[in-house]
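Work through the exercises below with the structure in view. Try each task before reading its solution.

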Amino acid sequence: MKTIIRGTWLFLALIIGGCGDKIDLEAAAVPLAAGIDLDDNNQLRFYVSNPVFGDKNNEEQQYNIPVTSLRESRSIQDAYTSGALEGRNYQVYVVGRKLLQHENWFKILDVVFRDARNTVLDRMVAFNGPLEEMFTVKTDNQPPLPVILRGMVDSKSKRGATVLTTVQDMHRQIFEEALTPSLSEVTYDAKQKSFRLSGTTLLTHKGKYATSIGFQESVLLNLLKKDATKGVSLSFAIPGEPNSDFFSLNRASFSVRDIDTKIKSSYSNNNFHFLIRMKVSAAMTEQLFTLDIQQHADILERKLSQQMQKQLEKLIRKFQKHQIDPVGFGIYARAYQYRHYKENENNWGEAFSDAEIKCEVKVTINSMGTVK
Amino acid sequence: MSPFVKSPLSFLQYVFIIAGIQIGIAILSIPREMARFAGTDGWIAIVLGWLITSIPSLLTVQIMKGSPDGTILDLIKKKLGRWLAIPFALVFAAYLGGMAYIGLLRTLLIIRVWLLQNTSPFIVLVLLFIPTYIVTREGTNMLGRFAEAIFYFLCWLPFIYLLPLKEGQWLNIIPILKEGWLPILSAVPTVLFAYLGFIAVFFLYPHLTHKKHAGAGVLLANTITMMMNLLITLVCFVYFSPSEMIEVNQPVISVLKTIQFKFLERIEIIFISLYIGLYSLSWIPALYFMAYCLKWTTNGARVRSYLIGLLAFIGIGTYFYLPTFNQSVWLEYMMTRIGIVVEYILPIVIWIYLVIREKVRREEQLG
């Protein structure tokens, strides 16, 4: 009897394996970068880059197809590849500028979240130009497209020069009324024949393109968001210092040793007020003009603080002009002025553009480097 | 020798069985439901639910103090007679059967969405039945060991939930009481679903070796459940924004998708597989208690034969019909309502009856 039972179990274990949907690696096509954009006829196109495994280096198969939805596109994509397509684990999702001109494009990506088998930590990148360009360009002597893009975003965001937005983060930012989304921005440099990370793309609440910011502004944005890790570097032109004709000699740069950002919110006169207090302890990394830091540290500190404060205020005015809030001031407003925030919840961008924002920056130099 | 002494239950095993039923059945749905009712204040409802649950669970222990060598059914038989005890047994059996079925159904649906999309749920169910039968046929003693083993094996699991916190936004939680107490109170009936399961005391009490600590044990189980729900709910609230929270079906699993290791993508696959162990703590004891109730009613036979019958019944039923996700959510709502009656109101009624009866009896003796 026991043998019969054991035999039955063994038999069942052999025949009811859960491997009905297995794919051999040899027969799989593994797309690593995906892109969505509108083409010249305003038709939605899906761009894919598959690495081709073989002797030759850096071969990629790149193609683009017109689609109506991403899930539907899989069968069409499949027709282009030699193997079974395994499009669940992209490294990067690239969005073209033309698509970003339209609201609510993010809903296209629904399949990524609805189908539990997809990964959600793919980096999202905004491409400054038509995607056609990105996916047809052959970059010799460079790693394949997905590897460059992911590497760029991961390493630059660590230094604060851009934001790290995964597909999941984007989902969070779109659903958070108190915040507007921001993406890493990549540009194709035709002269250098290579891609270049150019900063951060800021979107409106509905996902429409609002404006772009460069490196230094991205660092400031990250400092405001409290996302910046120690060691981010800032550089300022100090007014009043002599300048040369051909190159600027009035610059001072420092890397941030320690940062303490405090944002306080209040409400009066039908307006939100935010007070940003930023305490930066800096290690000087570059100073092109002569100034005895040992004697006059306070002068340099004051000047740096002024410059930083000016740039912050300029950046925030830029946000307000475009009615966007990538920092998430709305979260502070919701936490501390709940009632007033609730009244403005559905048009936070507008309410934020009327808000009064004050910055107080205090830079302390705690290291001047190895030379005076 | 009494059958209860033959399969003794230690204090911790008793705590883990109760906490296992409570956690297993509701951990996935509680954060979402709390957010739906009370927004980010929902966590307060979990604490309130914990306070409320202490009363009926202590009363349950109090009732059982009158019956150190028999389950609730034996107690009712002694006080009210066998013919009144049988309807009670059937009610308990139906309730526990519903609980076991909901636990199983949830597990099947989760496995189908997240793990094995192309495998027939019937085959998954048959595979789940193997450990279920092996554990339940040995009775309470084995249940206790199983619950204990699962708890020791999975006790590190909550700590993984601390990882998403570094990307979270604590400001989501404040202001506390943003819409006043009303939404929080409206969430309380739903939160009681998370604490269903202390009914197990009715069946475990006679097995306990240290009966003195039964009250403390049930409170400890409630507290473990509360801490676990509170931790996971807070992590979900801090990670997801208030409006996104309602949008996600299983925030408890989705939040895991955002954890990233260099060597591992889709960490949630491993976690759901581990969670199956935790869910099994809800249906395995419930199935056993149900089989026990049925055995008790028919007065004889072995629990084992009822178990085989129940498993076959559920198996065949699932082969022909598997409820959808929406239907399972509806079943949970019904279960919560019935559970409030069976686990919260019934113990109070029984206790009041017993107290009055005792008083009347004493007065008769005096008079």
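## Exercise 1: A surface patch

The model is predicted. In it, B:Ile348, B:Trp351, B:Ile352, B:Val355, B:Ile356 and B:Val360 make up a nonpolar surface patch, and their accessible area together is about 460 Å².

Task: Take B:Val355. Which helix holds B:Val355? Is B:Val355 buried, partly exposed or exposed?

Solution. 
- Step 1. Locate the residue: B:Val355 lies in helix α17 of chain B, residues 325-366.
- Step 2. Read its relative accessible area, which is 37%.
- Step 3. Apply the cut-offs: buried is under 20%, exposed is over 50%.
- Step 4. B:Val355 has 37%, so B:Val355 is partly exposed.

## Exercise 2: Two ring pairs

A pair of aromatic rings is described by the distance of the centres and the angle of the planes.

Task: Over all chains, the structure has 28 aromatic pairs. Classify the pair of B:Phe92 and B:Phe203, then the pair of B:Phe203 and B:Phe289.

Solution. 
- Step 1. For B:Phe92 and B:Phe203, the centres are 6.0 Å apart and the planes stand at 85°.
- Step 2. Planes over 60 degrees apart count as edge-to-face. The angle is 85°, so this pair is edge-to-face.
- Step 3. For B:Phe203 and B:Phe289, the distance is 5.2 Å centre to centre, with 15° between the planes. This pair is stacked.
- Step 4. B:Phe289 sits in helix α15 of chain B, residues 268-298. From B:Phe203 in helix α11 to B:Phe289 is 86 residues, and this pair too links distant parts of the chain.

Task: Are B:Phe203 and B:Phe289 buried or exposed?

Solution. 
- Step 1. B:Phe203 has a relative accessible area of 3%, so B:Phe203 is buried.
- Step 2. B:Phe289 has 2%, and therefore counts as buried.
- Step 3. B:Phe92 is buried as well.

## Exercise 3: Charges over rings

Task: Which ring faces do B:Arg82 and B:Lys211 lie over?

Solution. 
- Step 1. B:Arg82 lies over the face of B:Trp296, 5.3 Å from the ring centre.
- Step 2. B:Lys211 lies over the face of B:Tyr205, at 5.9 Å from the ring centre.

## Exercise 4: Confidence

Task: Where in chain B is confidence lowest, and where highest?

Solution. 
- Step 1. Start with the chain: its mean pLDDT is 87, and 98% of the residues of chain B reach 70 or more.
- Step 2. The lowest mean, 69, belongs to helix α1 (residues 3-6).
- Step 3. The highest, 92, belongs to helix α12 (residues 214-239).

Definitions and conventions. Residues are numbered from 1 along each chain as its sequence is written. Chains are lettered from A and ligands numbered from 1 in the order in which they are written. This is a predicted model: local features need pLDDT of at least 70, side-chain atom pairs count only at pLDDT 80 or more; totals for chains, interfaces and linings use all residues. Side-chain values use heavy atoms; hydrogens and water are left out. Rings of Phe, Tyr and Trp (its six-membered ring) pair if their centres lie within 6.5 Å; planes under 30 degrees apart count as stacked, over 60 as edge-to-face and the rest as tilted. Buried means under 20% relative accessible area, exposed over 50%, partly exposed in between (1.4 Å probe, protein chains only). Helices (H or I, at least four residues) and strands (E, at least two) are DSSP runs, numbered from the N terminus. A charge sits over a ring if NZ of Lys or CZ of Arg is within 6 Å of the ring centre and within 35 degrees of the ring normal. pLDDT is the predictor's confidence in each residue, from 0 to 100. Patches are made of residues with over 30% relative accessible area and no salt bridge: like charges are joined within 9 Å, nonpolar side chains (Val, Leu, Ile, Met, Phe, Trp, Tyr) within 5 Å. Accessible areas come from the Shrake-Rupley method with a 1.4 Å probe; for residues, only the protein chains shown count as cover. A salt bridge is a side-chain nitrogen of Lys or Arg within 4 Å of a carboxyl oxygen of Asp or Glu.
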